Amino acid sequence: MPIRLLTDEVAAKIAAGEVIERPASVVKELIENAIDAGATLIHVEVRKGGRRLMRVADDGCGIPAAEVELAFARHATSKLQTIDDLTHITTLGFRGEALASVAAVSRVTLLTRTDGEEVGTRLRVEGSRVGRHEQCGYPRGTTVSVENLFYNVPARLKFLRRDTTERKHIDRLVTRYAMAYPHLRFSLENDDRLTFHSPGNGSLSDVLIEVYGLATAQAMMEIGDPREEGTDHIRVSGYVSQPDTHRANREHITLFVNGRWVHDRGLTFAVEQAYRALLPVRRHPLAVLQIAVPAEEVDVNVHPTKSEVKFQNRDAVFRAVQRNVRAALIAQSPIPEVRYLAAQWSGAGWQERRHALVGAGATQAAMNLVRPVEREPSQSWFPEVPSKAQGNLPPLRVLGQLAQTYIIAEGPEGMYLIDQHAAHERVIYEKLLAQRASASVSVQTLLEPLTVELTPAQAEELETWLGPLCKLGFEVEPFGGNTALVRSVPAVLARVDVRRTLTGVLDELSAGEEPLAEEMDARLAAAACKRGAAKAGQTLSMEEMQALITRLERATSPRTCPHGRPTIILLSQAWMEREFGRR
Ligand code: ADP
Ligand code: MG
């Protein structure tokens with residue numbers, strides 16, 4: 001092909017592609033414009049995950065009638081004039097390409113009025129073509145409606161995910177800005193339903209309650225902002241979770257630099273570093289941090305989406321974040337008690353503990369640990385040839401329980417430790433899926449339907465999963481706002497805390513990728529069983545332990561929990577002999 005200049009239309013669509021990746025990118029640009037315009041109220045309306053409509057209304061300064069067309073021109077901005085201005089930019093926008101980009105790939109309607117004007121202005125722009133400019137009545141502020149996103153870019157349209165997924169991205173975005181700007185009132189309406197609003201009273205912790213629910217918000221600690229020489233021009237504020245509150249991924253580490261949400265792996269890592277050794281493996285904290293750095297020390301012009309920044313002194317920012325988070329953790333978390341186990345169980349110590357346990361009504365099983373195994377010579381605990389017929393676990397005899405977490409058992413090759421939670425998870429998981437497969441899930445109907453308050457994200461997720469949840473025995477229905485009504489639970493989970501199970505399951509589902517239809521049941525069952533299984537820290541009787549092991553033996557895949565963790569480990573006799581120097 002010979003070299004040719006692209007037509008304006010093609011060039012505009014290509015350029016738009018850098019700024020507008022999906023519906024949430026549009027909402028982001030429009031919200032940023034509203035914030036830059038000094039709005040105190042920002043209302044976002046979304047239909048069909050943004051595919052059909054995204055509308056952002058604000059009560060900001062408005063655009064003068066004479067400038068509305070210009071606002072849609074590429075590189076047209078009121079926020080910057082010279083290149084030097086870039087070094088001290090304090091607005092979220094500055095590239096002057098958002099409105100142009102949005103208009104290149106959708107149908108836009110703008111309504112606006114400034115303080116000084118008598119009437120408002122209405123302008124339509126469709127695929128970059130500016131339509132008629134009309135006068136209309138309108139209060140001070142601006143509303144931008146974006147319809148039929150990507151209607152003229154089939155390649156992009158094809159890449160859009162399900163409506164619920166796109167909605168989820170928009171939800172996250174709106175809640176993120178609400179957290180960054182607690183003094184602004186945000187509201188979000190999804191398909192005619194108000195799904196989120198922030199009070200706009202300036203309190204970040206009030207916004208956290210709306211975003212994460214009361215329980216999680218209460219488990220967050222405020223950062224104290226202790227400063228240190230050399231980095232005292234960097235200020236870090238916000239909230240981080242206590243070590244016992246965590247999530248399956250890093251999505252809940254939210255960082256703002258000078259009020260701008262940034263995606264920064266280095267700083268995310270700094271937050272995680274502060275939790276070093278405090279969280280279980282592969283779990284991540286929640287954090288909402290505002291990092292204030294003098295404007296001239298950050299370059300915000302790194303990428304068209306403006307969600308990456310460059311710091312003049314990266315190390316200092318990294319250290320400030322890590323130190324502040326760590327300081328909050330040390331100052332405010334309950335410190336876990338570390339005791340030397342052997343001392344506890346030996347001699348006089350043990351006697352004392354035994355008395356205490358008996359006094360507290362502990363079961364025999366809790367004390368079985370140090371009781372010598374009385375093996376009768378006539379009796380063989382396992383057949384000569386271990387039977388692998390049923391689910392390939394060796395036959396096991398329970399000896400006792402360790403740390404209210406592990407079952408100690410004897411088997412053909414030595415001592416086996418069974419993680420009681422993982423084992424129970426596996427057992428109920430297989431049972432639930434088997435019932436599901438034969439469409440015969442036994443359910444436990446609650447005496448009284450239970451109302452469960454959900455966060456907006458959880459409510460979103462509930463909608464996607466309503467069908468599979470119901471088929472699995474969770475009879476749940478939306479009950480107005482973000483409340484759900486639970487009528488029944490699967491019988492295998494009859495003893496669980498229904499509220500925590502449901503919200504936990506929805507959180508976990510929202511963290512993962514979208515599964516294929518056939519994987520939905522399995523993922524849902526795994527998430528539910530994880531919460532429904534007997535927790536570590538629960539004393540089990542000998543009978544309960546033996547029953548659990550018998551059921552585990554019958555499982556199809558007894559050696560791992562539904563999430564792939566081992567249920568059982570072997571301390572082989574050969575290994576013991578080596579360790580004791582017998583061989
Ligand atoms: P940028 O934000 O980078 O300046 P945009 O394309 O997003 O570029 O917007 C272009 C211009 O339109 C802005 O500089 C601003 O003057 C005006 N504008 C856009 N949205 C609003 C709004 N909601 N309220 C007031 N002015 C707006
Ligand atoms: Mg902008």
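The predicted model holds 1 cavity of 30 Å³ or more, a cavity being a set of points, on a 1 Å grid over the protein atoms alone, where a 1.4 Å probe fits but cannot get out. About 310 Å³ of space lies in the largest cavity; a volume is the space filled by probe spheres set on the grid points, which are joined across faces, edges and corners. Its lining comprises 19 residues, of which Arg172, Val211, Tyr212, His252 and Ala457 are the closest to its centre; lining residues have an atom within 4 Å of a point. Two or more lining residues are given by each of the elements α6, α7 (204-212), α15 (456-471) and α16 (498-511). The largest share, 6 residues, comes from α6. By class, the lining of the largest cavity divides into 5 nonpolar, 6 polar and 8 charged residues. Here Ala, Val, Leu, Ile, Met, Phe, Trp, Tyr, Cys and Pro count as nonpolar, Asp, Glu, Lys and Arg as charged, and the others, Gly among them, as polar.

Residues are numbered from 1 along each chain as its sequence is written, and chains are lettered from A and ligands numbered from 1 in the order in which they are written. Local features need pLDDT of at least 70 and side-chain atom pairs count only at pLDDT 80 or more, whereas totals for chains, interfaces and linings use all residues; side-chain values use heavy atoms, with hydrogens and water left out.

Helix α6 (residues 163-180) also gives the largest share of the lining of the second largest pocket, 7 residues. A pocket is an open set of points with protein on both sides within 12 Å along at least five of seven lines. The second largest pocket contains about 1200 Å³ of space. Of its 46 lining residues, His169, Arg176, Glu251, Trp261 and His263 lie nearest its centre. This lining has 20 charged residues, together with 13 nonpolar and 13 polar ones.

Strand β21 (residues 483-490) is largely enclosed by the rest of the structure, because 7 of its 8 residues are buried, that is, under 20% relative accessible area with a 1.4 Å probe and protein chains only. Helices (H or I, at least four residues) and strands (E, at least two) are DSSP runs numbered from the N terminus, and two strands pair if DSSP finds at least two bridges between them. Strand β19 (residues 443-453) pairs with β21 in the antiparallel sense over 7 bridges, and Thr451 has Leu485 in β21 as its bridge partner. Strand β20 (residues 475-478) is likewise antiparallel to β21, over 4 bridges, with Glu477 opposite Leu485. A hairpin is formed by β20 and β21 with 4 residues between them, and Gly480 in the turn has a positive phi of about 85°.

Key
Buried < 20%, exposed > 50% of the residue type's maximum accessible area, 1.4 Å probe, protein only.
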